[in-house]
Amino acid sequence: MSEISDKFLYSKDHEWLRLDDDGSVTLGISDHAQEALGELVFVEVPEVGDRLSAGDACAVVESVKAASDIYCPLAGEVAEVNLALADTPELVNNSPYEDGWIFRLQPEDATVLDDFMDADAYSRYLAELEDQ
Amino acid sequence: MHYTCRLFLLLDTLLGIFDMGKQTGLYKRHVEAGAKLVDFGGWDMPLHYGSQIEEHHVVRNNAGMFDVSHMTVVDVSGPDSRAWLRYLLANDVARLKLEGKGLYSCMLNPAGGVIDDLIIYWQGDMKYRVVVNAATREADLKWMHKMVGDRQVALKERDDLGMIAVQGPQARQITAPLLPGNVGKAALELGAFESLEQDGVFIARTGYTGEDGWEILVDAQTADTLWAALTRAGVQPCGLGARDTLRLEAGLNLYGQDMTTSTSPLESNLSWTIAWEPADRDFVGRSVLEQQRQAGVSRQFVGLVLEGRGVMRTGQRVNTAAGEGQIVSGGFSPTMQCSIALARIPAGAAERCEVEIRSVFRPARIVRPPFVRNGEIKIQQGSKNNSNVPGGDLL
């Protein structure tokens, strides 16, 4: 059973989002997602200053099995990226909710965060997926 | 109503059982060791036991073990065995002059396509042991029985045996004392592709990783005991994930991916496995191969090393100066810390090409496999940005 941190919000594409005190949002992928992907060998992050719309393919995680796009779940400007992932992509596997964060975004409209799932809702969502 | 529900539950359970793949005698060991299991040719096999990349490095640097009991073992005997095998296989069992010696060969169809690749060992007199793939079991057995016809050849499938491959530079030294009787001492004398059978143990100095090691065939109970002893001796269980990256680095073909019934060994880097001499030996597929050899094949089988980031995957398009080709096996090389692949591209293409990875053409170098053998990188690597990666000191 994968770990679900109750400190975050979640998207249906298995990204986690954390609203920070300065109004920016940090994003990564959930433990469930990293486990499904398998061991990562490359992570391509966006560039600081990139303006992203919701649904834009903004990062790529490439594992021993396959490559997957990460779609930006909300609009905003990239404020910071996790440079450590260039040399140590396995941080996403080993620490998906902390050291394996992918990028930080200054959102255009933080109220859209209300549309995402909390830990309980995400847990139910995963259970539903498993039943299918 | 209650009864209906129960019936459905029961049906569900039964279907669940039928849904499950076949299990090797070591299945419980895999579950105990926390393996992630996947379906492979109808078998529930370990993909990895936590980290396939660590398992890969363990085999390159120390010793790892693989449960390969799913592979198909067939014993061939009878007075016509030798003559029949010389007709059945593209390589020539007459080359086996030393008892116990093994030979890698393709089994071809009349059109020169590859039905399977295999290793055959000569066990003295008219006795041979053949190890073929798991996913091709039914097609192989059907073909072999058909080819026997009215010859005096007996085929006996040995599904009573378990098979453990222990691979890596330390594999033989660690394993030898754990084998029954004096088998270990005798086995340490085996040269490459040599086997012996003693005290109920068949052991061969072969493998599918590019490292030294043994493949050991024993009854299911002994396999279980040996697996447990190897585990206690610190040998890392390894899954199919590491097995695939190890064989890819070693430039060893994977049946079903790198060669199939519709590809010739001449366009699969397997010309060396065809015994053209003696010229009067007829074998299945020979006439077609002779024609191909004279006309020359239009495609070549090469290795690719990706420059920069990204991972080449099976099926991706390759652009060369001589035309278009395709990746047949691609992946990430844990030893080289970059992506490598086996590809079929037009004859004549050399040095450089571009691989279409997710709609972007990325430069790659055309090389001759193997990429890695006996822990050493055999391909000169460019000055890529690979300084801070684990294992970077190897470069």
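**Reading chain B: strands, sheet and domains**

Tutor: In chain B, strand 11 (residues 201–204) and strand 12 (residues 213–219) pair in the antiparallel sense over three bridges. This is a predicted model, in which local features need pLDDT of at least 70 and side-chain atom pairs count only at pLDDT 80 or more, while totals for chains, interfaces and linings use all residues. Residues are numbered from 1 along each chain as its sequence is written, and chains are lettered from A and ligands numbered from 1 in the order in which they are written.

Student: What does it take for two strands to pair?

Tutor: Strands of a sheet pair through backbone hydrogen bonds, either parallel or antiparallel. Two strands pair if DSSP finds at least two bridges between them; helices (H or I, at least four residues) and strands (E, at least two) are DSSP runs, numbered from the N terminus. As one case here, F202(B) has L217(B), in strand 12 of chain B, as its bridge partner.

Student: In what order do the strands of the open sheet lie?

Tutor: Six strands of chain B form this open sheet, in the order 10-11-12-9-3-13, with mixed pairing. Strand 10 (195–198) and strand 13 (236–237) of chain B are its edge strands, each pairing on one side only.

Student: Which strands does helix 3 of chain B lie across?

Tutor: Contact here means that the C-beta atoms of two residues, placed from the backbone, lie within 7 Å. Axes are lines fitted to C-alpha atoms, for helices over the stretch in contact, and angles run from 0 to 180 degrees between N-to-C directions. Helix 3 (residues 52–61) of chain B lies across strand 3 (64–67), strand 9 (161–167) and strand 13 of chain B, and runs at about 115 degrees to strand 3 of chain B.

Student: Which domains does the assignment give for chain B?

Tutor: Domain bounds come from an automatic or database domain assignment, which for chain B gives domain 1 (65–229 + 254–294) and domain 2 (298–395). Their contact takes ten residues from domain 1 of chain B and 13 residues from domain 2 of chain B, and the centres of the two domains, taken over C-alpha atoms, are separated by 29 Å.

Student: How many residues of chain B are in contact with chain A?

Tutor: Eleven residues of chain B are in contact with seven residues of chain A.

Student: What share of chain B counts as buried?

Tutor: A residue is buried if 20 or more other C-beta atoms, placed from the backbone, lie within 10 Å of its own, and 44% of the 395 residues of chain B count as buried.

How values were computed
A residue is buried if 20 or more other C-beta atoms lie within 10 Å of its own, exposed if 12 or fewer, and partly exposed in between; C-beta atoms are placed from the backbone.
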